[in-house]
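Please examine the sequence and the structure shown here.

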Amino acid sequence: MKIKITGTGSYIPERVISDKYFELHQFLNEDGTPIKQSNEVIIKKFKAITGIEERRYSESHYNTSDLAFLASQKAIENAGIDAETIDYIIFAHNFGDVKFGTIQSDMIPSLASRVKHKLGIKNPKCVAYDLIFGCPGWVEGVLQANAFIKSGMAKRCLVIGAETLSRVVDDHDRDSMIYSDGAGATIVEASDNETGMLSYETASYTEEEAGFLYYGKSYHPGQDSDTKYIKMYGRKIYEFALSNVPTAMKSCLDKSGIAIEDVKKILIHQANEKMDEAIIDRFYKLYDKTAPANIMPMSIHDLGNSSVATVPTLFDLILQGQIESHEINKGDILIFASVGAGMNINAFVYRY
């Protein structure tokens with residue numbers, strides 16, 4: 001038995017934030033001193049490295065669970081199923097519902113329970129829970145759905161990745177320009193044919209790596225030190241990803257029995273364009289190959305890094321014909337992969 005994704009949906013916030021939005025920001029170093037470069041130079045370098053020109057911020061009246069509900073509605077409709085038949089709702093996020101204009105995280109009740117409530121699902125045997133796994137949370141949720149279905153505990157799961165990172169960023173940290181908001185959702189079911197998940201790989205590195213992404217105080221010395229924001233050691237994450245993600249992808253592909261020449265698309269977490277390109281190049285070099293043109297669809301240029309939402313959103317947008325020059329056809333071999341806080345890495349090989 002395999003598992004397959006039978007429905008997809010995403011919610012892209014309407015509020016577009018261009019790089020120009022940051023021109024008047026006061027960017028500071030970690031010690032609170034001003035960055036010597038002008039904002040124009042900072043933004044230009046940022047764009048050259050990350051590829052981000054625009055990102056999306058959620059409308060003020062929506063929270064993370066609202067974005068997830070809207071994406072889930074579309075996935076359920078796309079799959080053509082009755083929501084009452086869903087056995088598990090697995091909701092990957094990192095910061096809960098953070099109300100606009102505040103910094104406090106709200107996770108009680110769980111966001112998965114909130115989505116179930118918004119969907120109007122009355123079946124008490126539909127189990128709803130949250131998954132905190134950093135940016136690879138949606139991929140991990142699919143792996144957990146795989147385990148539930150193969151064990152007989154479930155026949156159908158709703159797996160969601162959603163986040164409103166714009167509400168947990170330090171405006172004085174130039175890394176804040178990376179983050180964005182969004183939601184992606186998928187229906188996962190058993191497959192009795194050749195389509196579906198063929199293999200997977202997942203791992204957590206929690207020695208020195210555990211602190212590469214963390215919750216820390218603002219770089220502005222005048223800010224309340226008890227208020228925390230998402231922070232990262234970008235160079236360390238970059239080096240970690242390049243050292244570990246390609247090998248995890250290779251292990252996953254080797255277990256599938258699929259030749260690298262047969263891979264049609266690699267859907268990787270939209271963290272940083274240069275980093276993602278380097279990961280793909282290194283992955284192909286492990287097979288003494290050169291990465292084919294157009295193998296890696298990207299949404300980061302317009303949507304930024306929405307953490308757990310990037311991979312399911314990218315998948316849905318391709319299927320909806322909204323990523324230029326990219327399509328997925330029946331029988332295509334795909335690799336899904338992600339890396340993020342924890343530090344966690346995962347991947348799965350999939351026949352569409």
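The model is predicted, so local features need pLDDT of at least 70, side-chain atom pairs count only at pLDDT 80 or more, and totals for chains, interfaces and linings use all residues. Residues are numbered from 1 along each chain as its sequence is written, and side-chain values use heavy atoms, with hydrogens and water left out. Helices (H or I, at least four residues) and strands (E, at least two) are DSSP runs, numbered from the N terminus.

**The five-stranded sheet**

- Five strands make up an open sheet with mixed pairing, in the order S1-S7-S6-S4-S5; two strands pair if DSSP finds at least two bridges between them.
- Strand S1 (2–11) and strand S5 (127–131) are the edge strands, each pairing on one side only.
- On average, neighbouring strands of this sheet are turned by 20° against each other, direction ignored; axes are lines fitted to C-alpha atoms, for helices over the stretch in contact, and angles run from 0 to 180 degrees between N-to-C directions.
- Five bridges link strand S4 (residues 88–92) with S5 in the parallel sense, and Ile90 stands opposite Tyr129 in S5.

**Helices on this sheet**

- Helix H2 (residues 64–79) lies across S1, S4, strand S6 (156–164) and strand S7 (181–191), and runs at about 125° to S1.
- Helix H3 (residues 111–119) packs on the sheet and touches S4, S5 and S6, where contact means heavy atoms within 4.5 Å; the direction of H3 makes about 140° with that of S5.

**The four-stranded sheet**

- A mixed, open sheet consists of four strands in the order S8-S13-S12-S11.
- Strand S8 (196–204) and S11 each have a single partner strand, so one side of each is left without a neighbour in the sheet.
- From one strand to the next, the twist averages 15°.
- S12 and strand S13 (residues 344–351) run antiparallel and are joined by eight bridges; Gly340 stands opposite Asn344 in S13.

**Helix H6**

- The 13 residues of helix H6 (residues 273–285) should span 18 Å at 1.5 Å a residue, and the end C-alpha atoms are 18 Å apart, which agrees; the expected span is 1.5 Å times one less than the number of residues.
- Among the buried residues of H6 are Met275, Ile279, Ile280 and Phe283; buried means under 20% relative accessible area (1.4 Å probe, protein chains only).
- The cover over the buried residues of H6 includes helix H1 (39–50), helix H5 (234–256), strand S11 (263–268), helix H7 (300–303) and strand S12 (333–340).
- At the start of H6, a side-chain oxygen of Asn272 comes to within 3.0 Å of the backbone nitrogen of Lys274.

Notes
Buried < 20%, exposed > 50% of the residue type's maximum accessible area, 1.4 Å probe, protein only. Polar contact = N/O pair within 3.5 Å; in protein donor to acceptor, adjacent residues only side chain to side chain.
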